[in-house]
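Open the model in your viewer and keep the sequence panel beside it. This tour says what to select at each stop and what is there.

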Amino acid sequence: MQGTTQEADQAVGCRTRFAGLLAPGLAADRLNRLALALRLSPLLQAPAGSAPLAVLLAGDGSAVPESDALWLPPVAAWIEPPADTGASDTADRLAPFLAEAAKSDLYLNLTTATAHDLQLGGRLLAALSARHPLEGDRRDDIELALHEAVSNALVHGNLGVAGMKELSAQELERFSRDLGDRLADPVLAGRRIVVTLRIDPAEDGRRLATVEITDEGAGFTPGPRANSGASGRGLDLIGNIADGLTIEDGGRRIRMRFRL
């Protein structure tokens with residue numbers, strides 16, 4: 001299948017050369033056809049020590065893999081196909097995602113509904129720690145920053161839920177109600193979040209992790225947040241933890257750098 005098979009392997013700046021595909025819940029015959037079209041090996045589980053693998057998430061309520069092993073090496077990409085993807089065009093729709101994934105060490109492209117069901121900050125930290133061990137306060141701090149960044153992208157970005165203005169039962173009830181209502185909206189729940197992670201040598205000889213999180217929300221203009229309310233201090237917290245913080249694309253992309 002031309003234009004599908006080698007895009008991931010030949011991407012400019014390729015870091016990750018995928019060798020296999022896992023798809024929890026997908027029928028074996030369909031997995032075999034899809035993997036063949038993408039020139040990947042179809043796998044029912046992640047073998048230890050293998051080349052990098054991609055996981056295809058079903059996106060139908062069974063999308064979240066229960067096995068922790070599917071969030072650790074050799075798995076390096078987690079992709080949920082667009083909702084309108086049919087059986088006949090899955091490979092064509094997946095190829096661009098794999099091409100993007102090949103440019104990073106870790107890659108996630110999920111709908112808001114699926115990402116919300118995951119403890120995504122913890123999952124990202126586990127994947128990072130498996131590649132570069134983290135301990136103590138540094139591990140806790142990075143997990144907190146990842147959690148805040150993911151939450152901002154999902155809740156305030158894709159779902160457009162306003163932060164809590166004060167710590168009160170009334171505001172908590174309003175926030176929870178808005179969150180539930182927005183998640184029930186298929187358009188908002190179908191908005192995507194993309195996470196990329198790259199690990200490179202730093203000038204001081206340490207390793208530097210760069211994490212980018214992109215959402216499809218309305219964006220925002222960074223500025224003074226003196227009266228940001230009870231749930232509006234996430235960026236300040238991230239800025240205090242990260243060794244570098246950049247806001248791009250009108251507030252829809254955050255780039256964080258962490259010395260490991």
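The stops below run from the whole chain to single residues.

**Before you start**

This is a predicted model, in which local features need pLDDT of at least 70, side-chain atom pairs count only at pLDDT 80 or more, and totals for chains, interfaces and linings use all residues. Residues are numbered from 1 along each chain as its sequence is written, and side-chain values use heavy atoms, with hydrogens and water left out.

**Stop 1: the whole protein**

Show everything as a cartoon. There are eight helices and nine strands. Both are DSSP runs numbered from the N terminus: helices are H or I with at least four residues, strands are E with at least two. Of the 260 residues, 44% count as buried. Buried means under 20% relative accessible area, exposed means over 50%, and partly exposed is in between (1.4 Å probe, protein chains only).

Now think about contacts, meaning heavy atoms within 4.5 Å. Among contacts between residues at least 6 apart in sequence, 64% join residues at least 24 apart.

**Stop 2: the sheet**

Select the strands. Nine of them make an open sheet with mixed pairing, in the order S2-S1-S3-S4-S5-S6-S7-S9-S8. Two strands pair if DSSP finds at least two bridges between them. Strand S2 (41–43) and strand S8 (244–248) are the edges, each pairing on one side only. From one strand to the next, the twist averages 20°.

**Stop 3**

Select strand S1 (residues 20–22) with S2. The two run parallel and are joined by three bridges. Look for Leu-22: its bridge partner in S2 is Leu-43.

H1 lies across S1, S2 and strand S3 (53–56), and runs at about 150° to S2. Axes here are lines fitted to C-alpha atoms, for helices over the stretch in contact, and angles run from 0 to 180 degrees between N-to-C directions.

Move on to Arg-39, in the loop between H1 and S2. Arg-39 has a positive phi of about 60° although it is not a glycine. Most residues other than glycine have a negative phi, and most peptide bonds are trans. Is Arg-39 buried or exposed? Arg-39 is exposed, with a relative accessible area of 55%.

**Stop 4: the tryptophan pair**

Select Trp-71 and Trp-78. They are stacked, 5.2 Å centre to centre with 10° between the planes. A search of the whole structure finds one aromatic pair. The rule: rings of Phe, Tyr and Trp (its six-membered ring) pair if their centres lie within 6.5 Å; planes under 30 degrees apart count as stacked, over 60 as edge-to-face and the rest as tilted. Both Trp-71 and Trp-78 are buried.

Next, show Pro-73 and Pro-74. A cis peptide bond joins them, with omega about 15°. Pro-74 sits in the loop between S3 and S4.

**Stop 5: Leu-108**

Leu-108 is in strand S5. Leu-108 counts as buried, at 3% relative accessibility. Which residues does Leu-108 contact, leaving aside its neighbours within four places in sequence? They are Trp-71, Trp-78, Leu-120, Leu-124, Ile-193, Val-194 and Val-195.

**Stop 6: helix H4**

Select residues 120–131. Helix H4 has twelve residues and reaches 17 Å from its first C-alpha to its last, close to the 16 Å expected. The expected span is 1.5 Å times one less than the number of residues. Buried residues in H4 include Leu-120, Leu-124 and Leu-128. Their cover includes strand S5 (106–111), helix H5 (136–158) and strand S7 (207–214).

**Stop 7: S7 and its partners**

Seven of the eight residues of S7 are buried, so S7 is largely enclosed by the rest of the structure. S6 and S7 pair in the antiparallel sense over eight bridges. Arg-198 stands opposite Thr-210 in S7. S6 and S7 form a hairpin with five residues between them, and Gly-205 in the turn has a positive phi of about 90°.

Seven bridges join S7 to S9, and the two run antiparallel. The bridge partner of Leu-208 in S9 is Arg-259.

**Last stop: Asp-249**

Asp-249 lies in the loop between S8 and S9. Its phi is positive, near 50°, in a residue other than glycine. Asp-249 is partly exposed, with a relative accessible area of 38%.
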